[in-house]
Amino acid sequence: MLTIIVNEEEVFDERTSTFETLKGATIHLEHSLISSSKWESKYQKPFLSAEEKTVEEIFGYIEAMVISEEVQTEILYRLSSSDITKIQQYIDSSQSATTFGMMPDRKGPQEVITSELIYYWMVAYTIPFECQYWHINRLFALIRICNIKNSPPEEVSRHEIAARNRELNEQRRKELGTSG
């Protein structure tokens, strides 16, 4: 969860020639499957696509991320560029200690990932629905682990084993400064 604090602000109203105080708020945001699902139901297109999002769509996603009680939309318009940067960094964060080695490039057409597909993966791997509230990148890590653990082990050819061993031996020789 990401917490953003929007401070109280005093502004001048030119129509009434008076100063007004705009209330501040603490906003709690979560980049989750629920947020993505809310956004997709509003805009009726996949959120996790490479397609460029409009400013309205980006703002719509920030609005879908809000899990705080009674945060008025006007307060979201007062987010600073620093706040937006923090939100983007939070969205990009893996939120997991799990790392994956180099995976071969997938060939063929890429599957369009929608919230319904992610829910399908959760059902297929019997992932509890409470995980829909996790940071979505953490949920993806869990789904990927389930996929790896449920896949049959890859058969490696003798040629590939020999090539990998040559590579490791060469690397060790360089590290130890030996010739063999």
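Me: Which way does H5 pass H6, left-handed or right-handed?
Reply: H5 passes H6 in a left-handed crossing. Keep in mind that this is a predicted model.

Me: Which residues make that contact?
Reply: From H5, they are Ile-118, Trp-121 and Met-122. From H6, they are Ile-136, Leu-139, Phe-140 and Ile-143.

Me: And how many of those are nonpolar, polar or charged?
Reply: Seven are nonpolar. The contact of H5 with H6 has no polar and no charged residues.

Me: Where are these two helices in the chain, and at what angle do they cross?
Reply: H5 covers residues 115–124, and H6 covers residues 136–150. Their axes cross at roughly 45 degrees and come within 11 Å.

Me: Switching to H1. At what angle does H1 cross H5?
Reply: Roughly 145 degrees. H1 is residues 33–43, and the axes of H1 and H5 come within 9 Å.

Me: Which residues touch there?
Reply: H1 brings Leu-33, Ile-34, Ser-37 and Glu-40. H5 brings Ser-115, Glu-116, Ile-118, Tyr-119 and Met-122.

Me: How does that contact divide by class?
Reply: The contact of H1 with H5 has five nonpolar, two polar and two charged residues.

Me: How far apart are the axes of H1 and H2?
Reply: They are 8 Å apart. The two helices pack at an angle of about 135 degrees. That makes H1 oblique to H2.

Me: Is that crossing left-handed or right-handed?
Reply: The crossing of H1 and H2 is right-handed.

Me: Which residues are in contact there?
Reply: On H1, Ser-35, Ser-36, Lys-38, Trp-39, Lys-42 and Tyr-43. On H2, Glu-56, Glu-57, Gly-60, Tyr-61, Glu-63, Ala-64 and Met-65.

Me: How many of them are charged?
Reply: Five are charged. Another five are nonpolar, and three are polar.

Me: Which residues are closest to its centre?
Reply: Phe-47, Lys-53, Ile-58, Gln-88 and Ile-91. They are among the 16 residues that line this pocket.

Me: Which helices supply at least two residues of that lining?
Reply: H2 (55–65) and H4 (81–92) each do. H4 gives the most, with five residues.

Note on methods: Residues are numbered from 1 along each chain as its sequence is written. This is a predicted model: local features need pLDDT of at least 70, side-chain atom pairs count only at pLDDT 80 or more; totals for chains, interfaces and linings use all residues. Side-chain values use heavy atoms; hydrogens and water are left out. Axes are lines fitted to C-alpha atoms, for helices over the stretch in contact, and angles run from 0 to 180 degrees between N-to-C directions. Helices (H or I, at least four residues) and strands (E, at least two) are DSSP runs, numbered from the N terminus. A crossing is left-handed if the near helix is turned anticlockwise from the far one by less than a right angle, and right-handed if clockwise. Contact means heavy atoms within 4.5 Å. Ala, Val, Leu, Ile, Met, Phe, Trp, Tyr, Cys and Pro count as nonpolar, Asp, Glu, Lys and Arg as charged, and the others, Gly among them, as polar. On a 1 Å grid over the protein atoms alone, a cavity is a set of points where a 1.4 Å probe fits but cannot get out, and a pocket is an open set with protein on both sides within 12 Å along at least five of seven lines; lining residues have an atom within 4 Å of a point. Angles under 35 degrees count as roughly parallel, over 145 as roughly antiparallel, 65 to 115 as roughly perpendicular and the rest as oblique.
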